[in-house]
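Grab a pencil and keep the 3D view open beside you. Here are a few exercises to work through, each with its solution.

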Amino acid sequence: MAATAAATIGFPQAYLEGKEVKETSSLVTELCRHFYTQGWVSGTGGSITMKVHDASIPKPDQLIIMSPSGVQKERMQPEDMYILSPNGSIISAPSPKPYPNKPPKCTDCAPLFMKNRRLSLGKRLRKLGYKAYEMRNAGAVIHSHGMESCLVTMLKPQAKEFRITHMEMIKGIQGHGYYDELVVPIIENTAYENELTDSLTKAIEAYPKATAVLVRNHGVYIWGDSWIHAKTQAECYHYLFDAAIKLHQLGLDAATPDHGPIRRHVHSQNHISTKLSVKSGVKDSQNQTEPPRRCIVLDIEGTTTPITFVTDVLFPYARENVGKHLNLTYDTAETQEDIKLLRSQVEEDLRQGLAGAVPIPHADEGKEKVIAAVVSNVEAMTKADRKITALKELQGHIWRTGFECNELKSVVFEDVAEALEKWHSSGIKVYIYSSGSRLAQRLLFGNTNYGDLKKYLSGFFDTTIGNKKESKSYKEITETLGVDDPSEILFVTDVYQEATAAKAAGLEAIISIRPGNASLPENHGFKTVTSFSQI
């Protein structure tokens with residue numbers, strides 16, 4: 001049967017018995033033994049599925065090794081594995097073992113990334129390949145029954161998401177840094193794992209940046225582009241789940257930057273202005289109900305910070321120190337990456353015939369020529385106020401040196417610090433979205449004339465998520481924040497085009513009127529504020 005199936009899909013029997021398949025099967029058994037010691041696959045629960053890495057075969061066409069269900073995971077042998085085709089059909093099944101061992105069974109986890117649970121097993125597994133391996137480019141999927149992954153879903157029985165921020169291990173999750181908020185969707189458990197198909201599929205589609213889905217009172221599914229990536233993320237997720245549980249036991253909130261006391265919202269007619277849940281709406285100074293807000297996203301220049309600080313302090317500092325910075329750090333990986341990004345951008349600028357662009361030679365033409373060309377391009381880009389990632393990354397690295405040497409101190413308007421603290425205390429998550437790099441944003445808010453304000457911020461967005469004048473960027477932010485209704489996000493900016501783009505994406509938008517800001521079109525249609533105290 002195995003030989004016939006193998007021939008049908010184009011894999012000879014010799015390949016099924018070859019080095020790559022054997023090594024992958026051995027690796028699955030080794031990982032299952034390790035995960036058993038971690039408590040992730042005890043009681044025959046949990047599973048691992050993994051691509052057979054073979055450099056000669058495109059990833060979508062590689063075979064899949066899957067651990068069986070209902071067996072002692074710590075006692076499995078390589079010959080106990082199922083071998084699946086790229087489309088999910090079973091090529092080879094393990095032979096039964098004598099009593100008291102149970103007959104082998106393909107894990108119930110198999111169809112969990114499929115759309116239609118009424119499909120046959122083979123078709124279900126083809127859907128699995130589409131969801132886990134093609135859609136997410138996964139190389140391995142881990143299903144854990146670890147205690148922490150179960151308990152963390154019970155902390156807030158009605159919550160549809162797990163959230164945590166400002167923890168070092170968040171850096172181990174794809175696309176996240178220390179200051180970012182990690183959001184993991186939570187779906188409800190069912191009696192049988194294959195009945196989770198629809199809800200798990202919807203969660204994956206609704207959270208495109210997620211690499212895990214929690215199942216309440218059950219466990220977690222985690223995937224990565226390789227077995228190493230999946231394992232690393234699994235370890236980080238379990239650490240973060242455990243940390244959230246311990247913080248909760250101490251009465252502390254893992255979802256806030258300072259991990260302060262958990263705030264209980266009490267609905268009281270006598271104290272509605274101070275006790276009202278942030279999702280239910282609040283009264284403004286005219287006793288008008290404002291929209292409910294879960295998150296506030298702030299622009300920087302002209303919104304939190306005077307335009308003059310950026311144009312008269314930060315930009316000149318970067319422009320005047322770019323040559324010195326490049327000379328001192330030229331051989332570092334960071335600076336080489338900055339030069340690579342700029343070279344790529346300049347090549348595109350030259351194709352478009354942009355003024356001021358000069359070719360950046362490659363390293364073999366000499367350090368001096370490279371630096372001179374970079375300096376020339378940076379000056380032209382800065383003068384044109386280009387909002388491009390390549391320039392912003394380099395500027396951020398130059399400003400970092402300035403802040404570290406106390407040559408720079410950032411400025412925010414006097415109402416900003418108080419507002420950030422108030423929103424933070426109210427349970428509203430505050431984020432920054434600026435054309436400046438995330439590094440530059442953290443430096444700015446970490447070194448202000450009012451002290452370190454990063455503790456009030458839940459995350460940072462820059463132009464890597466998209467242009468600030470395009471609505472799709474704000475849709476991407478909404479998906480990243482895991483907010484179902486985009487109108488629960490308030491965006492504050494001084495730029496009319498940015499407010500328009502945010503509004504088109506469904507966000508509430510307010511325009512900031514500050515000294516030195518550009519004038520607005522007549523009948524622009526947006527609410528304006530001159531101080532954050534008016535929000």
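**Exercise 1: a covered helix**

Task: find which residues of H14 are buried, and what covers them.

Solution. Step one: the buried residues of H14 are Leu-439, Ala-440, Gln-441, Leu-443, Leu-444, Phe-445 and Gly-446. Buried means under 20% relative accessible area, with over 50% called exposed and anything in between partly exposed (1.4 Å probe, protein chains only). Step two: H14 covers residues 438–446, and seven of its nine residues are buried. Helices (H or I, at least four residues) and strands (E, at least two) are DSSP runs numbered from the N terminus. Step three: the cover includes H9, helix H12 (389–404), strand S13 (429–433) and strand S14 (459–461).

Before you go on: this is a predicted model, where local features need pLDDT of at least 70 and side-chain atom pairs count only at pLDDT 80 or more, while totals for chains, interfaces and linings use all residues. Residues are numbered from 1 along each chain as its sequence is written, and side-chain values use heavy atoms, leaving out hydrogens and water.

**Exercise 2: the nonpolar core**

Task: how many residues does the largest nonpolar core have?

Solution. Start with the term: such a core is a set of buried Ala, Val, Leu, Ile, Met, Phe, Trp, Tyr and Cys residues joined through side-chain atoms within 4.5 Å. The largest one has 58 residues, and Phe-445 and Val-374 are among those with the most contacts inside it. Helix H9 (residues 307–329) gives the largest share, eight residues. Now zoom in on Val-374: beyond its neighbours within four places in sequence, Val-374 is in contact (heavy atoms within 4.5 Å) with Leu-326, Ile-339, Leu-342, Ile-360 and Leu-394.

**Exercise 3: two helices**

Task: at what angle do H3 and H7 pack?

Solution. Helix H3 (residues 19–38) packs against H7 at about 5°, and their axes are 13 Å apart. Axes are lines fitted to C-alpha atoms, for helices over the stretch in contact, and angles run from 0 to 180 degrees between N-to-C directions.
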